[in-house]
Amino acid sequence: MKDTTASASPERHDDREEIARLLPAPAGRDLPRERHLRHKELLMRQIDRDRAAPARPSRRLLRPALLAPVTALALAGVLAGGFALSGGDREPAAGTAPGTATDMHPAAALLRQISGAAGRKAAPAVRDDQFVYTREKVRETDITSGKAVVSPLKDYEKWIAQEPGPLKRLGLVRSDGETFPLNAELGDTNGTPAGFSRPTYQWLSSLPTDPAKLLDYLYANTPQVGRRERDQAVFEQIGELLGGVMPPRTAAALYEAAAGIPGVTRTPQAWDAIGRPGIGIARDDKRNGVHTEWVFDRKDLSFLGFRSYLIKDAPYGKAGTLLSSTAQIRTAVVNKPGEEPPGTAGTRNDRKG
């Protein structure tokens, strides 16, 4: 295999300098771990936005379903061999119009089934003064040593505030026996409003529920990354919103909308972080050499979790190296941060698979 990374060392050096500047001080908790969540796009997006518009504060996507530390997964995308990324407009898949999917396409057919299952769920009651609770198991990949090292399974809990107005305190995160506040996004001096960076139940309810209109909305409003493939950015934006507590109609529309993204595929065998087998919806970021996959239960098509791994050799790992994996364990609506739904404590160390 031809090494595509050798000529990119100056870029990798620049990226490492950017990373060093962006990381929080090791001893501090001012930048909560939530900001360093979700594999490769974290610092890729921040670095690209800084380069494209230095005067505009960077904002990452706050997904209430995925956690991973910066040493594990933010570096993974930046150091993935310096693969060239390029911006791109939305391009329809062969034989289809933008925003549509044919029933003959396996991924589209599966996504319509998942959409139907999601749409049939009962809509929960969520007040603006409440918190969405999520608990998940996570495997993290640390590459600070220069070689990918997969962590043991870890447990994370989050309480995300549902107030619609800009907030300086977004909720709480508990991990490794510690509970600490989830603060506003970097640059949000007046607080982070509801939106892609803080997808509250009320905000999710305001999104278009027509799949074609929702996909148009996502292509128009997903934060622009100067060198990032647009289709991949939208796919990952939808992934940011999955899990947690969501309006059934919105969830159904998101899955239908994903069927209209070129390059989305169906994977017949997939596993979440605790080994639960399922079926996957995936897309390969070929320029960055990463496979991103959503995992669903085979029986009821409920969302189980997420995983990503290398599909190209990188300086820190071979193709097939795990970058991140999660398993969604529990979601609920509670009245205050730190409150656990009934029965949570008894399943603290549960494991399946």
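Modeller: Let us begin with a definition: an axis is a line fitted to C-alpha atoms, for helices over the stretch in contact, and angles run from 0 to 180 degrees between N-to-C directions. Please note that this is a predicted model. In it, the axes of α6 and α8 cross at roughly 75° and come within 8 Å.

Colleague: What makes α6 roughly perpendicular to α8?

Modeller: Angles of 65 to 115 degrees count as roughly perpendicular. The angle between α6 and α8 is roughly 75°, and α6 is therefore roughly perpendicular to α8. On the side of α6 (211-221), the contact is made by P211, L214, L215 and L218; α8 (248-258) contributes A253, L254, E256 and A257. By class, these residues are seven nonpolar, no polar and one charged.

Colleague: Why are α4 and α8 called roughly antiparallel?

Modeller: The term applies to angles over 145 degrees. α4 and α8 pack at about 175°, their axes being 7 Å apart, and they are therefore roughly antiparallel to each other. From α4 the contact uses L111, R112, I114, S115, A118 and G119, while α8 supplies P248, A251, A252, A253, Y255, E256 and A258. Nine nonpolar, two polar and two charged residues make up this contact of α4 with α8.

Colleague: Which residues touch the most other members of the largest nonpolar core?

Modeller: They are I238, Y255, I261, I281, W294 and F296, in a core of 37 residues. Several elements give two or more residues to this core, including α4 (106-119), α7 (230-241), α8 and the strands β7 (277-285), β8 (290-296) and β9 (303-310). The most is given by α4, with seven residues. There is also a second, separate core of 13 residues, among them Y133, L170, V173 and L182. As a general point, nonpolar side chains in soluble globular proteins tend to be buried together.

Colleague: What makes the pair of F296 and F303 edge-to-face?

Modeller: Two rings pair if their centres lie within 6.5 Å, and planes over 60 degrees apart count as edge-to-face. The ring centres of F296 and F303 are 5.8 Å apart and their planes stand at 70°, so the pair is edge-to-face. Both F296 and F303 are buried. By the pairing rule, the count comes to six aromatic pairs. Ring pairs also link F196, W203 and Y217 into a cluster.

Colleague: How do you know that K168 is exposed?

Modeller: Exposed means over 50% relative accessible area. K168 has 55% relative accessibility, so K168 counts as exposed. K168 lies in the loop between β3 (154-161) and β4. Leaving aside residues up to four places away in sequence, K168 touches L182, N183, A184, T189, N190 and G191.

Colleague: Why are K137 and E140 called buried?

Modeller: Buried means under 20% relative accessible area. K137 has 6%, so K137 is buried; E140 has 3%, so E140 is buried as well. K137 is in strand β1 (residues 131-142), and E140 has its place in strand β1 too. K137 lies 191 residues along the chain from Q328, yet their C-alpha atoms are separated by 6.6 Å. E140 and T326 are 186 residues apart in sequence and 8.8 Å apart in space, C-alpha to C-alpha.

Colleague: Where does L301 lie, and is L301 buried or exposed?

Modeller: L301 lies in the loop between β8 and β9. The relative accessibility of L301 is 13%, which is under the 20% limit, so L301 counts as buried. Phi of L301 is near 65°, a positive value in a residue other than glycine. D176, which is not a glycine either, has a positive phi of about 50°. D176 is found in the loop between β4 (169-175) and β5 (178-183).

Colleague: How many helices and strands does the protein have, and what share of its residues is buried?

Modeller: The protein has eight helices and ten strands. Of its 353 residues, 55% are buried. Among contacts with a separation of 6 or more, 66% are between residues 24 or more positions apart.

Notes:
Residues are numbered from 1 along each chain as its sequence is written. This is a predicted model: local features need pLDDT of at least 70, side-chain atom pairs count only at pLDDT 80 or more; totals for chains, interfaces and linings use all residues. Side-chain values use heavy atoms; hydrogens and water are left out. A nonpolar core is a set of buried Ala, Val, Leu, Ile, Met, Phe, Trp, Tyr and Cys residues joined through side-chain atoms within 4.5 Å. Buried means under 20% relative accessible area, exposed over 50%, partly exposed in between (1.4 Å probe, protein chains only). Helices (H or I, at least four residues) and strands (E, at least two) are DSSP runs, numbered from the N terminus. Rings of Phe, Tyr and Trp (its six-membered ring) pair if their centres lie within 6.5 Å; planes under 30 degrees apart count as stacked, over 60 as edge-to-face and the rest as tilted. Angles under 35 degrees count as roughly parallel, over 145 as roughly antiparallel, 65 to 115 as roughly perpendicular and the rest as oblique. Contact means heavy atoms within 4.5 Å. Ala, Val, Leu, Ile, Met, Phe, Trp, Tyr, Cys and Pro count as nonpolar, Asp, Glu, Lys and Arg as charged, and the others, Gly among them, as polar.
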